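Please look over the protein and its ligand shown here. A short report on the model comes after it.

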Amino acid sequence: MSSAQKRIQAVKQHLTPEQKYAQAVDPVASMNEERAKASFDIRALTLLMDGGQKQTDLKEKIMQELERDPLFKMDDIHDISKSELRERTMEKFRSMLHYLQNESVETFKKRMEIVSLIDPGFWTRFGVHYGLFVGALQSNATSGQLGYWFEKGALSLSNFVGCFAMTEIGHGSNVPGLETTATFDEASDQFIIHTPTLTATKWWIGGAAHSATHAAVFAQLIVKGKRYGTKCFVVPLRDPKTYNTLPGINIGDIGKKMGRDGIDNGWIQFTHVRIPRGYMLQKHTKVSRAGHVKEPKLQQLASRVTMVADSGHFSKKALSIAIRYAAVRRQFAGSNANGIETKLLDYPIHQRRLMPLLAQTFAMLFTGTEMTDMYNIMMSRLDGAKEGDEDLDEVIEILKETHSTSAGLKAFCTWNCLNTIEACRQACGGHGYSAYTGLAQMYQDFAVQCTWEGDNTILTLQLGRYLISCYRDALNGKKLSPGVGYLNNLDNLIGKKCQVKSLEELLSPEVIIEGWQVVCANVVRNAGIEFEENLKKGLQPDDAYEQCSQSRLYAAKLHSFGYLFNRFADGVSKISGSVHDILIKVCLLYGLYSIEENAGAFLQYEYFTPAQIEFVRSSVNKLCAEVREQAIPLVDSFNLSDYIINSPLGRKDGNVYVHYFEQVKRSNPQGEHPYFNRLIKPLIERDIGGGDYEDEEAGLESEDEDDE
Ligand SMILES: Cc1cc2nc3c(=O)[nH]c(=O)nc-3n(C[C@H](O)[C@H](O)[C@H](O)COP(=O)(O)OP(=O)(O)OC[C@H]3O[C@@H](n4cnc5c(N)ncnc54)[C@H](O)[C@@H]3O)c2cc1C
């Protein structure tokens with residue numbers, strides 16, 4: 001028993017039964033009781049997950065600054081209108097410039113990571129300029145062009161706010177199918193940007209409706225009548241002094257959305273808008289003064305690794321609310337409980353609903369960190385590489401793998417996170433439906449992550465395509481990069497069966513890793529065989545891929561889950577002590593839960609027998625109960641302040657009812673009835689004839705007669 005638990009025990013011995021009851025059901029006492037169970041150093045886990053003391057200090061400093069900043073007031077956010085929200089968002093936008101100009105890039109990135117958790121709508125408004133617009137410049141501009149646009153104000157936001165105009169009302173995922181044209185006019189050395197049809201209208205463009213002065217426009221490059229595909233062009237939209245739109249530019253607001261209303265998404269049409277040739281970003285494809293087009297040798301690689309970590313961060317916030325609430329919310333008393341109702345967290349079913357999601361959150365966080373590190377290392381190796389360098393091929397292979405795997409992981413992690421938010425909302429019962437408890441808005445704000453930056457289904461299919469090509473390369477003897485390395489080992493994996501005979505033997509990361517490798521090898525091979533058969537039937541490769549899209553998607557799904565477990569297990573293997581002891585349980589819970597969720601594949605490919613799947617199920621139950629004991633310390637290790645969580649149900653002190661009631665009263669002050677005289681009075685006082693109820697006994701007469 002810990003010293004805190006001993007102290008609680010000593011105090012309890014001197015209480016009357018009434019006091020004991022009151023204390024037993026007191027939410028604050030319940031929370032303290034849970035916190036006292038910590039079997040590991042909570043701070044050590046926080047430091048580990050944040051990446052060290054310096055990172056945690058920085059995070060805490062930023063959380064405090066934001067909490068004290070009146071512009072970042074969040075407790076009334078649920079009751080303000082779209083226009084107020086947009087205006088307030090712009091005020092925050094302005095205030096961020098101070099930090100942008102005075103902080104290092106790393107510190108500012110951390111600030112934005114925290115801001116995204118507090119106010120996703122604001123983060124998007126800022127992110128559209130710095131993430132998407134500046135990101136488009138960085139990916140597509142030559143270094144000279146980048147310097148030019150930075151000097152024009154793109155970095156400092158002076159006379160400049162950018163937006164990112166790729167999607168059209170008629171096309172989103174199919175970027176090559178975009179209809180906006182950019183036709184080179186040799187005579188004037190200009191491009192003519194044009195919206196030829198209604199379906200070519202740029203749509204959903206964040207910041208276009210009211211904020212942006214410039215857009216990174218994706219349009220079909222046409223030179224001397226020939227089309228060269230979709231390229232990126234900077235197009236001025238508004239006069240930065242007057243904010244009037246420039247000639248040929250039509251802009252409108254697309255209005256209210258499911259969430260993130262702080263950002264002004266808009267539509268744009270271009271009517272023969274002329275821009276200098278130099279406004280086409282020419283890092284990859286180049287168009288000369290004479291109209292010669294030079295196309296790039298290397299395919300561009302993008303990565304979505306940050307969205308894996310983002311999914312982990314939003315899941316942390318949702319679970320902080322649902323798990324803290326479950327630790328203090330009580331319903332129904334057990335037969336031996338002296339009338340003291342049971343904490344939700346003590347119900348095995350409630351543990352089943354939340355503990356695997358907690359484990360999944362750690363899996364996403366570990367994977368996000370590991371992938372980001374790997375991506376950064378590879379990018380700096382690529383940037384420093386010269387043509388002919390020996391390791392260039394290896395770096396490109398690993399980057400291709402990171403690119404494809406991060407596409408699939410973006411999809412499954414954002415789906416996981418959205419499901420986690422909804423599961424948390426339901427786990428909070430009726431109060432989960434109140435705007436003030438935060439989960440409803442979180443769901444609405446997060447949902448778009450499954451659609452933008454690549455629709456999840458499309459991204460998953462991309463990963464499936466990559467896996468098939470890896471399978472074919474492996475058959476041809478090519479050594480694959482580590483994440484898909486199991487495809488070099490097909491002979492061993494196909495048909496392999498698990499040998500465990502007991503529950504204990506199953507509790508091993510190695511067994512789980514092997515299991516995932518076996519099913520992944522099988523499903524990727526099946527997709528590959530199906531693809532080959534389609535080719536043999538005479539289909540073109542694209543059509544052959546299309547015909548096996550179900551198998552591709554399935555292969556990508558299992559590969560992504562297997563990958564998540566691998567990264568998590570790898571991360572945990574590097575840790576020691578009491579933090580390791582709890583994380584290994586969490587890791588095994590995640591691994592076995594994800595197997596259980598995909599039990600069909602493990603049975604189909606006979607890695608597990610039905611009896612072994614029963615072991616898996618029992619182990620998940622057992623691990624849920626064990627992790628439940630540490631649930632509050634684990635949530636505490638997320639180290640999100642009450643301000644960031646912004647939900648009375650997720651309060652660290654556990655005093656949920658007091659905070660909830662205060663919030664509801666504060667946000668809904670009782671005044672004069674707003675529409676009694678105009679609507680209710682005439683309704684209830686209308687004359688319907690014979691309505692004199694004064695002498696009646698409200699329906700009791702007949703019962704009284706029976707009594708006589
Ligand atoms: C809030 C919000 C903000 C946005 N901000 C911006 C912005 O600032 N700039 C910008 O350019 N865009 C923006 N977008 C657009 C976003 O990037 C697109 O909505 C997204 O890329 C999906 O494209 P789409 O809407 O055309 O869907 P579609 O591509 O039409 O997809 C519709 C459905 O069909 C499925 N589908 C499509 N093709 C296939 C296929 N080949 N095989 C199987 N299934 C398929 C998809 O999975 C999806 O379920 C924003 C969107 C939202 C919702």
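## Model and numbering

This is a predicted model: local features need pLDDT of at least 70, side-chain atom pairs count only at pLDDT 80 or more, and totals for chains, interfaces and linings use all residues. Residues are numbered from 1 along each chain as its sequence is written.

## Domains

The protein chain is split into domain 1 (3–36), domain 2 (138–287) and domain 3 (305–637). These bounds come from an automatic or database domain assignment. Between domain 2 and domain 3, the C-alpha centres are 37 Å apart. Four residues of domain 2 contact seven residues of domain 3. The domain 2 side of this contact has one nonpolar, two polar and one charged residues. Here a contact means that two C-beta atoms, placed from the backbone, lie within 7 Å. For the classes, Ala, Val, Leu, Ile, Met, Phe, Trp, Tyr, Cys and Pro count as nonpolar, Asp, Glu, Lys and Arg as charged, and the others, Gly among them, as polar.

A UniProt record (unreviewed entry) places the feature "domain: Acyl-CoA oxidase C-terminal" at residues 509–684. UniProt positions are given in the numbering used here, feature names are shortened, and annotations may be inferred rather than shown by experiment. Residues 509–684 are 79% helix and 0% strand. The end C-alpha atoms of that stretch lie 68 Å apart. Helices (H or I, at least four residues) and strands (E, at least two) are DSSP runs, numbered from the N terminus.

## The ligand shell

Which residues come nearest to the ligand? They are Met166, Gly172, Ser173, Gly206 and Thr457, out of 19 residues around the ligand. A residue belongs here if its C-beta atom, placed from the backbone, lies within 6 Å of the molecule. By class, the shell holds nine nonpolar, seven polar and three charged residues.

Strand E1 (162–165), strand E4 (202–206) and helix H14 (456–475) each give at least two residues to the shell. E4 has the largest share, with three residues. Domain 2 and domain 3 each contribute at least three residues.

## Annotated positions

The UniProt annotation "binding site" (unreviewed entry) covers Thr167 and Gly206. These two are spread over 40 residues of sequence yet cluster in space, with a largest C-alpha distance of 10.6 Å.

Threonine 167 sits in the loop between E1 and E2. Is threonine 167 buried or partly exposed? Threonine 167 counts as partly exposed because 18 other C-beta atoms lie within 10 Å. The cut-offs are 20 or more such atoms within 10 Å for buried, 12 or fewer for exposed, and partly exposed in between, with C-beta atoms placed from the backbone. Leaving aside neighbours within four places in sequence, threonine 167 contacts Gly172, Lys202, Trp203 and Trp204. Glycine 206 belongs to strand E4. Glycine 206 is buried, as 24 other C-beta atoms lie within 10 Å. Beyond residues up to four places away in sequence, glycine 206 touches Thr124, Val128, Cys163, Phe164, Ile263 and Asn265.

## Strand pairing

Strands E2 (residues 181–185) and E3 (residues 190–194) run antiparallel, joined by five bridges. Two strands pair if DSSP finds at least two bridges between them. Aspartate 185 stands opposite glutamine 190 in E3. E2 and E3 form a hairpin with four residues between them. In the turn, aspartate 189 has a positive phi of about 60°.

E3 also runs antiparallel to strand E9 (residues 273–276), with four bridges. Phenylalanine 191 has isoleucine 275 in E9 as its bridge partner.

## Other single residues

Alanine 569 lies in helix H19 (residues 549–573). Alanine 569 is buried, with 21 C-beta neighbours inside 10 Å. Apart from neighbours within four places in sequence, alanine 569 is in contact with Pro509, Ile513 and Cys587.

With 13 other C-beta atoms within 10 Å, asparagine 159 is partly exposed. The loop between strand E12 (330–333) and strand E13 (341–343) holds asparagine 338. Asparagine 338 is exposed, with 10 other C-beta atoms within 10 Å.
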